[in-house]
Amino acid sequence: MSDRYGSYPPDEPVIGENYPPAPSPSGPSQQPEYIGAGSAWTQPARAAVPTRDPDETYSEDYDEYESEYEEDYERDHYYDDSPARQPAFYIFIGLAALIGGGLIFLLFSLFGGNGDDPSVAAGFNVLIDEPPNNERVQIAEPADFVVRATSNEEISQFELFVADRSVDLVTASAPDADNVYSAVLHHTFDRVGEYSVFVRVTSISGATRDSDKQTVIAIQSVGDKPVEIKGRVVGTASIRRGPGESFPVIRTLNAGEEVTIIGKTRDSSWLLLADDDGWVRREAINPFDSLSLVPVKDPTPTPPPPTPVETATPSVTASPTTNPNAPDFVPTNALLIDGGDTLRITVQNLASSPYSGALVVGVSEVGVVAPQVVVDVNIPASGSVTVDFELDPPVSDAGSTVRVTVDPGNAIKESNEDNNSATFLLTPAVESPNLIVLAPSYEGATMNVTIRNDGGELKSSTVLVRVESGGSATEQSTTVALANGQSANFSFAKPSAGAAKIRVLVNGVQVSAVDIDVP
């Protein structure tokens, strides 16, 4: 056989293989044995090839016979797979199968769906209420992290991370009536610096969701060192002798005034002002720096009121007077305006007493520039007020929800503290009606009041107009629908000369009010 394939010489055995002895018609072979082939090995016998005389003229038949013999011998012997090479072949096939199976599994994991992944089915909303972003906290003192979350399945735990390191873990308690979970986690910072923090919630299925990361600035404790910061009044508020509504009033602050803060209560709900040495509610002041810089001050107690002396003459018990600061706040509506750039919240006072002063309104579950705002309001009994939040990015898709909470810190005493939160389904922005009161006209003993709609369409609604004058009130109502620019007229008996007020209510909610002077 020819060695033109570049392998071992013809008839050369493979070292290590065992071959059966080849019978020879003429007895033992006279060929030499090969090293390593075994004593029983002999070179396979080949059929005799006719010899040719060198001087003999070759024929074409002989050449053809010799070529066919060489091809048959190579096919029968050279290309046969020997038993020694079969295990390597099967190992190669096995490795190829394993690699192919791994690639198929990887592709299925990436593109085949996540039907068994619990985090895909679970939906979360997680928010850190306190402390706010970039808040300063004192080192070596426990910092509280107040968290709220909602989920479409039961939440099992809350976990606090500082610089991506778990520092606290609490088991979730049962949600409130609105299916909102809440928790308070704690951490004490031991070094000054800025820290990135976030909270991770885990559901019973093992799915997780992280809140947005925010920054907490740990500062050196100021101890008893007198530190003061500036602030601006955001709404009319009373300065009192002590941190509580029971303390007497020193004077009234007006919106826009600048004050100096020198102290606070331990829960920071009341602030001590330098100019009057008096206390004011936290919600009424917008501090220019972190309140963590201000030391805690213990208020000086005021003497209790004198005990009335009993007399033998029976006296009539006076009827209790209604506390003017005991309203009942309820969020009643959430509406997208300005093409979805603004979220307008409506807050109604259900109590029979008005409220005037600072009010905190917070929203969650939508992207707002500031999750809480403090506004100066003047809400009459059974009246309402609107508060606007700037949205970033704008909300234009139907189906979004927003969670609204009025007075989240319970800083204002209300007749009912259980109805301060509500969740609303947002719809694409629609311009709201805007009912305004035109200047009344007088005809003898009659006063004519005209209500005009300068906003979006007012669908069929009950519109009530009330005229208040001299401690008495008269009102008229009608069911009307008003497009932009349309108006409705109401006639009243002319009230006594002097100051009066006209209020407009739509479906029981006040939408407009003006003061007039009756000639």
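## Basis

The model is predicted: local features need pLDDT of at least 70, side-chain atom pairs count only at pLDDT 80 or more, and totals for chains, interfaces and linings use all residues. Residues are numbered from 1 along each chain as its sequence is written, and side-chain values use heavy atoms, with hydrogens and water left out.

## Aromatic pairs

Three aromatic pairs turn up in a search of the whole structure. Rings of Phe, Tyr and Trp (its six-membered ring) pair if their centres lie within 6.5 Å; planes under 30 degrees apart count as stacked, over 60 as edge-to-face and the rest as tilted. Phe161 and Phe198 are stacked, at 4.9 Å centre to centre and 0° between the planes. Because Phe161 belongs to strand 4 (residues 155–162) and Phe198 to strand 7 (residues 193–203), the pair ties together parts that are 37 residues apart in sequence. Strands are DSSP runs (E, at least two residues), numbered from the N terminus.

Phe161 has 8% relative accessibility and Phe198 has 5%, so Phe161 counts as buried, and so does Phe198. Buried means under 20% relative accessible area (1.4 Å probe, protein chains only). Phe189 and Tyr195 form a tilted pair, with ring centres 4.8 Å apart and planes at 45°. Both Phe189 and Tyr195 are buried.

## Charge over a ring

The charged end of Lys494 sits over the ring of Tyr442, 5.4 Å from the ring centre. The criterion is NZ of Lys or CZ of Arg within 6 Å of the ring centre and within 35 degrees of the ring normal.

## Thr342

Thr342 lies in strand 18 (residues 342–349) and is buried, with a relative accessible area of 12%. Leaving aside residues up to four places away in sequence, Thr342 touches Leu335, Leu336, Ile337, Asp388, Phe389 and Leu391. Contact means heavy atoms within 4.5 Å.

Methods: Helices (H or I, at least four residues) and strands (E, at least two) are DSSP runs, numbered from the N terminus. Buried means under 20% relative accessible area, exposed over 50%, partly exposed in between (1.4 Å probe, protein chains only).
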